[in-house]
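Subject: Structure handover

Hello,

Here is the structure for you to look through. My notes on it follow below.

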Amino acid sequence: SLKEFDVLCLQEIEDMDVEIIQNNLNLSYTHYDPEGDLLLLSKFPIENSGIIKLSKYRSGSFIFSDLNYYDNRIRIYNFHLTTNRPWLNNTELEEIEENETKFLGGALEILKHYSFYSSVRVRQAETLNSHIATCTSPFILCGDMNDVPGSYVYNMMKDKLNDSFVEKGNGLGSTYNSILKILRLDYIFSSNEIMNARAALG
């Protein structure tokens, strides 16, 4: 149940949904970035916070919130890196897969498209990592990376952090509803001071 959570981080949140979510959860403290569609709700007081825009793309920003956790400070990062912005829907992708000529041309275009937005995410991850390097308290980093485990961006961001799903999760860990039900694009990382008790998706 969502009401059991002490902290909730959401991405791609519309203005109209914020008040509804607040009214249905027992989380008194809020940090919301309407431009980046990022929302953090907390049971614990927020003593300091900030918003960092990563690029001109709408999905390219992060917020940070310093929580007073029983007189200890914990920083929560909530991020959303730019999407691959597919120009093809699922039906069009299925048509390409069924036609060999279309598949070869389509596959090349998809690779070029992915390569461009991947390079954007690399720059965004560098900015986020630079900010994290200045953090002096234990922290949790969570959000929508729009990239898969093992990618360059994933390895950049994970670095020496703990991936909660790798440590305590089970299965493939799919977080993206697409033709392939195997994509994990959303993550929760933590600094070494924080121990992961369990991880679940769904």
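The notes cover the sheet and then the aromatic rings.

This is a predicted model, in which local features need pLDDT of at least 70 and side-chain atom pairs count only at pLDDT 80 or more, while totals for chains, interfaces and linings use all residues. Residues are numbered from 1 along each chain as its sequence is written, and side-chain values use heavy atoms, with hydrogens and water left out.

Sheet. Strand 6 (residues 72-80) runs parallel to strand 7, joined by six bridges, and Phe79 has Gly143 in strand 7 as its bridge partner. Strand 7 (residues 139-144) has five of its six residues buried (under 20% relative accessible area; exposed is over 50%, partly exposed in between; 1.4 Å probe, protein chains only).

Rings. Rings of Phe, Tyr and Trp (its six-membered ring) pair if their centres lie within 6.5 Å; planes under 30 degrees apart are stacked, over 60 edge-to-face, the rest tilted. The count is ten aromatic pairs. Phe44 and Tyr70 are edge-to-face, with centres 5.4 Å apart and planes at 70°. Phe44 is buried at 7% relative accessibility, whereas Tyr70 is exposed at 56%.

Regards

Methods. Helices (H or I, at least four residues) and strands (E, at least two) are DSSP runs, numbered from the N terminus. Two strands pair if DSSP finds at least two bridges between them.
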